[in-house]
Amino acid sequence: MDRQLSTRAKVGWALGGLAILVYALFPVAWIVSLSLKAPSDLSNQQFLPTRFSLENYREIFTGNASELFLSALRNSVGICLIATFISVVLAMFAAYAIARLEFPGKRLILSTALAVAIFPVISIVTPLFNLWRQIGLYDTWPGLIIPYLSLTLPISIWTLSAFFREIPWEMEQAAQVDGATNWQAFRKVIVPLAAPGVFTTAIISFFIAWNDFVYGISLTSTERARPVPAALAFFTGSSQFELPTGAISAAAVIVTIPVVVLILLFQRRIVAGLTNGAVKG
Amino acid sequence: MSSTTLAPGEQERARTASGRRPGLTDRAKAERRLGWMLAGPAFAVMLLVTAYPILQAVYESLFDFRLTDPDNRSFTGLTNYWVILTDWIWWRSLLVTLLITVVTVAVELVLGFGLALVMHRALTTLRPIIRTAILIPYAIITVVSAFAWQYAFALDTGFVNPWLNLGAFNWFGSFSPSIVVICLSEIWKTTPFISLLLLAGLAQVSEDLQEAAKVDGATWWERLRKVTIPNMKAAIMVALLFRTLDAFRVFDNIFIMTNGANGTESVSFLAYRQTISRLEIGLGSAVSVLLFLCVVLISALFIKGFKVDLSQARGEK
Amino acid sequence: MSEIKLEHLVKKYGDGFAAVNDVSLDIRDGEFMILVGPSGCGKSTLLRMVVGLEDITSGDLHINGERVNDKAPRDRNLAMVFQNYALYPHLSVYENIAFPLRLQRSRHPEPEIDEMVRRAAGLLELEEHLERKPANLSGGQRQRVAMGRALVRDADAFLFDEPLSNLDAKLRGQMRTEIARIQRRLGTTTIYVTHDQTEAMTLGDRVAVLRRGILQQCASPRELYEQPVNLFVAGFIGSPPMNFLPGRVEGDVLHLPIGDVPLPEAARAAATGHDLLIAGIRPELFEDASVLDRSRQAGGVLVDLDIDVTEWLGNELYAYVPYEPDPAVRAKLDELDRDLDGEGMRTQLVVSLDAQSRVRDGDRARLWFDPARMHLFDPESGVTLTRDEEVAARLDAENEDLRQGSLERARRAADRAVPA
């Protein structure tokens, strides 16, 4: 009796898991399917293409939309990597201090990070729009990197502090007794222990910068600095009568690929990074 | 009664356990200095990219200032606020924002809890797969999600109408269906984050408690309501706070799907339109400041009203 | 070959609290020294001062005649086993053990490292686990890896900081024997911190008892047991602990709550000038009169007591007899109880009887004990009045002879093992 119930329960939970898979992947499958439709097929009003074609990808990589898309891709990758790097480096120092040292103002820093994280982006973008125009940062890489820090820095500080708090710092002492210099203790013991946390934080930061739309669309005007999400909104069809749907879908698939790759490789760490600070504090 | 002898003992243990040596004033001072030297730059950058712009916005909101007409900039005090607060457009956008916030957060909380329960109970072999799948909506670009949902419901490219036998129903032709699709996209993208937070909360409820409740004769539902949920209240409240504030900033989906048509404009969108499209810096700044005040108000409500312990919380989008 | 000399070591924190207060110890070459005391007595702090993880506020620390106060931990050439083992989680068991070797400035060639790691692993029976990560090991295995890391290098001394406190009782017993065996075999000077008096008694060549940062007595286990210097040491050493009974002196008779006892010859001089004393009688001094040989009864006294609870353990039987303590010494005994990490439970006499005894809960039993082996303490200062310095010195000398003998044997055995 009990066994039967538990098998039934198992099947139930497995079905639930399947439902989650469908839930999570269905819209992604749809946009992939859409991107593989030939232009004539786009309006077939069906989920799957009747005729497969790579026409849309050709359009964004070599065709009319390529100028718009490739420059946007370059901007997005460059700006997001730089913003992520800066915020992770700054956050690393801050999180080390918060996790390891005793000084007044710890809570202030964490609360500030929290406040910045919940800050409405639009409230920042309005004054920046004006200021950037005056000082020439409008439509430049630094003009986006700086505001991106408001997105990536707070989360980096929180995530890293949570990770660093879990590092067994007494290992440093053990290493010293074992004959290590301060520097050796740091490099051989602390760095290997801290590296996964730093890496995970960088991934989460990157996701957030990669996702930005408000700054991208407000603080740029040309291909010089416009990132992909903003550029997608400016796609037009190759002719007046043709919809940009195909090109947009293909571009959307392309920018989703790095995200999916990172998730596939590091899903475990990303989940830990997203939740361990939130619950344990 | 044993306080006199225990206190030094505990002090010693605390000291040796952390390896720190408090009280050595020079050392403590040096530690403070080092702490601020390390954390200072990050702190300064955070202030610079938020506190400065918001102060600037407050300042600019007091002027009548159009970028197309910079010579006629003039101080008008609170006139901009008066103009906004007496205009139906502001109130409508606020209501739309609140509607989207309430609907999405409510649905996400229930759905997210369901997902968390499934993930919590799922077979260990399935768990990594589910976890991977669920991270995809979380990490996908909001704009991409918006396009995917828009195309699915669009008249020309969409498969939803034929599937639901709705003929030529235009989802983006009027207010209600537009909001439905906008909410769907929001919910799809952000539920995973809530569910991961709730999953972490679930994992903190000890299995012993569940078993004790089982022995005490509680049904599955009673265990959920009386044991599980009360014990993960902190996680729920934190998830709720962050999602509420996040939903309140809704912008990307509206921009892509309706561009504010049919009265689907949110507060963020209104601020964007005033500043960036119409170059009404003064008015736009005032909307931004109002939006900021709304966020502060919501946070205060949560923290005071629901007693959310922010030390448990973490900045997260 | 190394000697560690602690001279008037003091550790004071900024708030003036002295965790270690003027401790002097002379740890001889090859000796197994135990630092023992209840939590908060400063024993761990003292060990960390020796290894260099805590600054020394004042006093001198000499290793092999050299003052090392200002040397960094890595320059002191001591190996330490931490309470929570401090294994590097990102390194395999092999690499954990090899870690100190790889750090040494006179770099060992790789084959030599391998040989040393494997020898240490063999000594600790860790050969099969060398490739595993610490997270996948049981508590006992982790403990052995921590020891492996300590003894792989040719350290001048081993320091242990409560190494067995995270293990369950059975494993603790096994590891205790293991540590003793390895220390005897290697003959390395060892300082071992514990709060467990059984570990202290079984492992130590000598045991230093600390209380609130102050060294109470440093002596062989036998001397601590038989000739404790004060109430604290007497109460700390021995399990079940010594019974402390208030006693009023009237001529040659001592009135105890359990009955009147004639003051033994040797104690009379000590008792003079005191109306009130604290008598210390170890539980194992009592015998059940009904199973005791008639011939032995002559030397002792008989008392009739109401037994409250009994516990039969197979090899012996514990019986508990509650009593009301004299209010005049109550404060002193309460303070002692707190110092010994007691819970302030009821005052009761514990007696350990022969397992043959048929005493049961609620019986009125006739017990026998020999007052000559009773300790008497000054109720004010807690000093042992019956301590015999001569006997103590003899015990100490005996102990040192025995230690030297076994060390010699171990070293001869090691010498024989090397050429073969």
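**Hairpin, helix pairs and a chain contact**

User: Which residue takes a positive phi in the hairpin of S9(C) and S10(C)?

Analyst: The hairpin has two residues between its strands; strands are DSSP runs (E, at least two residues) and helices are too (H or I, at least four), numbered from the N terminus. This is a predicted model, where local features need pLDDT of at least 70 and side-chain atom pairs count only at pLDDT 80 or more, while totals for chains, interfaces and linings use all residues. Residues are numbered from 1 along each chain as its sequence is written, and chains are lettered from A and ligands numbered from 1 in the order written. The residue with a phi near 50° is Arg212(C).

User: How many bridges join S9(C) and S10(C)?

Analyst: Strands count as paired if DSSP finds at least two bridges between them. S9 (residues 206-211) runs antiparallel to S10 in chain C, and Leu210(C) sits opposite Leu215(C). The number of bridges is five.

User: How many of the six residues of S10(C) are buried?

Analyst: Buried takes 20 or more other C-beta atoms within 10 Å of a residue's own, exposed 12 or fewer and partly exposed in between, with C-beta atoms placed from the backbone. S10 (residues 214-219) of chain C is largely enclosed by the rest of the structure, because the buried count is five.

User: Are H6(A) and H8(A) roughly parallel or roughly antiparallel?

Analyst: Axes are lines fitted to C-alpha atoms over the stretch in contact, with angles from 0 to 180 degrees between N-to-C directions. Under 35 degrees is roughly parallel, over 145 roughly antiparallel, 65 to 115 roughly perpendicular and the rest oblique. H6 (residues 141-166) and H8 (residues 182-211) of chain A pack at about 155°, axes 9 Å apart. That makes H6(A) and H8(A) roughly antiparallel.

User: What orientation does H2(C) have to H3(C)?

Analyst: In chain C, H2 (residues 93-103) packs on H3 (residues 110-123) with axes 10 Å apart, at an angle of about 125°. That makes the orientation oblique.

User: Which helix of chain A gives the most to the side that touches chain B?

Analyst: Residues are in contact if their C-beta atoms, placed from the backbone, lie within 7 Å. The contact takes 90 residues from chain A and 90 from chain B. With 17 residues, the top contributor on the chain A side is H11(A), residues 245-280.

Notes: Two residues are in contact if their C-beta atoms, placed from the backbone, lie within 7 Å.
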